[in-house]
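Subject: Structure handover and findings

Hello,

Here is the structure I promised to pass on.

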Amino acid sequence: MLPPRTWTFLTSGAGRDEGVRSGEEAFGRVRFVPRVFAAPTTPNLTTTILGIPLAVPVLSAPFGVDGLFHPRGHLDTATGCARAGVASIIPEAGTYSLETVARETPSAARLFQLHPGSGIETLAERAAAAGYTAVCLTADQPVIGWRDRIREDRFEFDRRYVAGNQTAEATDRLRRIHQAGSPAWSWADLKAFCSSSPLPVLVKGVLHPSDAESAITAGAAGLIISTHGGRQIHSSVTSLEQLPAIRATVGPDIPLVLDSGVRRGGDIVKALALGADAVALGRLAAVALAAAGAIGVERLVELLAEEAMRTMQLIGASDIGMLTPGLLADGEAK
């Protein structure tokens with residue numbers, strides 16, 4: 001069991017957690033239209049993202065301070081994902097280095113997340129040398145969001161929980177994103193990084209269709225549509241609400257991962273029907289990790305897959321390629 005203050009840190013969002021609640025509630029407003037006499041025997045959930053095979057369209061999100069939730073942190077998150085046949089996004093601000101996680105679970109440690117700033121090129125080169133397939137650039141955290149419950153708790157964690165990848169440059173970059181007024185990147189900076197990166201770049205935190213278009217124009221290979229789990233802005237649109245417009249903007253071929261608000265296997269089906277190629281699990285994966293380490297993460301993915309398959313049977317979809325807005329009551333997120 002996690003200590004109360006650690007649980008508060010994990011579950012809190014910006015403001016009074018409005019963004020956390022709205023992200024979950026957005027899925028509740030999307031309704032299926034079930035079909036009869038159309039249930040496939042065993043729906044197919046397999047897919048790929050940037051050539052990474054996924055037994056279920058799921059990734060673990062790059063939640064940081066992972067050692068705070070379990071002594072093995074992302075070592076066990078990635079191990080659980082590997083056992084379930086899915087992949088992990090390993091965080092820069094993590095307890096273990098990107099190389100350590102990749103050595104232990106090369107089949108799951110396929111994406112590495114990093115933050116804009118000096119030293120980012122070195123981190124991308126390290127990820128390429130360690131066998132990662134892509135890097136994930138977090139774009140929505142020029143500063144840390146205002147989080148009431150964490151501030152009221154005056155919670156501070158041991159910095160060793162985020163020190164796995166730190167060099168002097170990386171330490172300075174992570175320090176600056178905690179300070180209001182830290183320098184923000186530009187689209188030109190993103191373009192330069194995409195041009196120089198040895199790996200394809202996914203941009204995480206995109207919510208506006210115009211930003212999605214700009215990111216792809218700058219050279220991004222894909223996008224992670226995310227509200228940072230509702231931890232950045234207390235009152236914003238949700239990832240699910242923005243998904244259809246972003247898919248329409250970037251076209252059918254750009255990989256889109258939906259992050260924030262996913263709580264059930266049915267939510268995965270809804271996200272895919274509205275245009276996502278996969279979903280990322282942040283809080284769910286962290287809670288599963290805290291509960292039972294690698295076994296907890298593996299079981300989480302298994303349960304989500306089972307519910308997703310039953311949902312697909314009830315709406316008459318045998319393959320995730322059949323998941324379209326036409327299977328939903330209004331054909332779009334509200």
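Start with helices H9 (residues 209–217) and H10: their axes come within 9 Å and cross at roughly 40°. Axes here are lines fitted to C-alpha atoms, for helices over the stretch in contact, and angles run from 0 to 180 degrees between N-to-C directions. Helices (H or I, at least four residues) and strands (E, at least two) are DSSP runs, numbered from the N terminus. H9 and H10 are therefore oblique to each other. On the cut-offs, angles under 35 degrees count as roughly parallel, over 145 as roughly antiparallel, 65 to 115 as roughly perpendicular, and the rest as oblique. The crossing of H9 and H10 is right-handed. (A crossing is right-handed if the near helix is turned clockwise from the far one by less than a right angle, and left-handed if anticlockwise.)

On the H9 side, the contact is made by Pro-209, Ala-212, Glu-213 and Ile-216; H10 supplies Gln-242, Ala-245, Ile-246, Thr-249 and Val-250. Contact means heavy atoms within 4.5 Å. The residues of this H9–H10 contact divide into six nonpolar, two polar and one charged. Ala, Val, Leu, Ile, Met, Phe, Trp, Tyr, Cys and Pro count as nonpolar, Asp, Glu, Lys and Arg as charged, and the others, Gly among them, as polar.

Before going further, the basis: this is a predicted model, where local features need pLDDT of at least 70, side-chain atom pairs count only at pLDDT 80 or more, and totals for chains, interfaces and linings use all residues. Residues are numbered from 1 along each chain as its sequence is written, and side-chain values use heavy atoms, with hydrogens and water left out.

Gln-242 sits in helix H10. Its relative accessibility is 16%, so Gln-242 counts as buried. (Buried means under 20% relative accessible area, exposed over 50%, partly exposed in between, with a 1.4 Å probe and protein chains only.) Leaving out residues up to four places away in sequence, Gln-242 touches Leu-207, His-208, Pro-209 and Val-237. A polar atom of the Gln-242 side chain lies 2.9 Å from the backbone oxygen of Leu-207. For polar contacts, the rule is a pair of N or O atoms within 3.5 Å; within protein, one must be able to donate a hydrogen and the other to accept it, and residues adjacent in sequence count only if both atoms are side-chain atoms.

Next, two pairs that involve H12.

Helix H3 (residues 73–84) and helix H12 (residues 283–315) have axes that come within 7 Å and cross at roughly 20°. That makes H3 roughly parallel to H12. Their crossing is right-handed. H3 contributes Gly-73, Asp-76, Thr-77, Thr-79, Gly-80, Cys-81, Arg-83 and Ala-84 to the contact, and H12 contributes Leu-289, Gly-293, Ala-294, Ile-295, Val-297, Glu-298 and Val-301. These residues divide into seven nonpolar, five polar and three charged.

Helix H1 (residues 4–11) also packs with H12, at an angle of about 155° and with the axes 10 Å apart. H1 and H12 are therefore roughly antiparallel to each other. Trp-7, Leu-10 and Thr-11 in H1 meet Arg-283, Ala-286 and Val-287 in H12.

Now the loops.

Arg-231 is in the loop between strand E8 (222–225) and helix H10 (239–250). At 11% relative accessibility, Arg-231 counts as buried. A polar atom of the Arg-231 side chain lies 2.7 Å from the backbone oxygen of Ser-12. Ile-144 and Arg-231 are 87 residues apart along the chain, yet their C-alpha atoms are separated by 8.2 Å. Ile-144 is in the loop between strand E6 (134–138) and helix H6 (148–153). Ile-144 counts as partly exposed, at 26% relative accessibility.

Which loop residues have a positive phi without being glycine? Phe-37 is one of them, with phi about 55°; Val-65 is another, with phi near 45°. Phe-37 lies in the loop between helix H2 (18–29) and strand E1 (47–49). Val-65 lies in the loop between strand E3 (58–60) and H3. Phe-37 counts as exposed, at 88% relative accessibility. Val-65 is buried, with a relative accessible area of 5%.

Best regards
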